[in-house]
Amino acid sequence: MRKLAVLLPFVVVSFAANSLITRFVVARGLLDAGLVGATRFAAGAAVLAAVALGRGERTLVGRAHLVSALWLGLYTVCISYGYLFIGAAAGTVVFYCA
């Protein structure tokens, strides 16, 4: 419980910083929203695979996993392009509700 209390503020600040940095980069046209989404998706997959391998778990890819991956990909695209059209406050509500 104590470890959670120490790490939770770090996690919340990291999520907020990630959102602000991404919003800045996309809004200024420094990176395309699609590229940001693809990078997030690939980085997330790599981290999940590394964690699974680090824990000695088998990484299986099946039909159920592909359906989940497609939903996650759709979510990623919506969030990435949302930075162009949705304000920070509304975006935060949508992001955390999704």
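**Notebook: how helix α3 meets its neighbours**

I began with α2, which passes α3 in a right-handed crossing (right-handed if the near helix is turned clockwise from the far one by less than a right angle, left-handed if anticlockwise). I was working on a predicted model, where local features need pLDDT of at least 70, side-chain atom pairs count only at pLDDT 80 or more, and totals for chains, interfaces and linings use all residues. Residues are numbered from 1 along each chain as its sequence is written, and side-chain values use heavy atoms, without hydrogens and water.

Helices here are DSSP runs (H or I, at least four residues), numbered from the N terminus. I looked up the axes of α2 (residues 33–54) and α3 (residues 63–85): they come within 8 Å and cross at roughly 140 degrees. Axes are lines fitted to C-alpha atoms over the stretch in contact, and angles run from 0 to 180 degrees between N-to-C directions. α2 and α3 are therefore oblique to each other (under 35 degrees is roughly parallel, over 145 roughly antiparallel, 65 to 115 roughly perpendicular, the rest oblique).

Next I turned to α1 (residues 2–27): its axis and that of α3 come within 9 Å and cross at roughly 65 degrees. This crossing of α1 and α3 is right-handed. I found S19, T22, R23 and V26 of α1 meeting S80, Y83 and L84 of α3 (contact means heavy atoms within 4.5 Å).

Last, I checked α3 for burial. Which of its residues are buried? I noted G73, T76, I79, S80, G82 and Y83 (buried means under 20% relative accessible area, with a 1.4 Å probe and protein chains only).

Note on methods. Helices (H or I, at least four residues) and strands (E, at least two) are DSSP runs, numbered from the N terminus. Buried means under 20% relative accessible area, exposed over 50%, partly exposed in between (1.4 Å probe, protein chains only).
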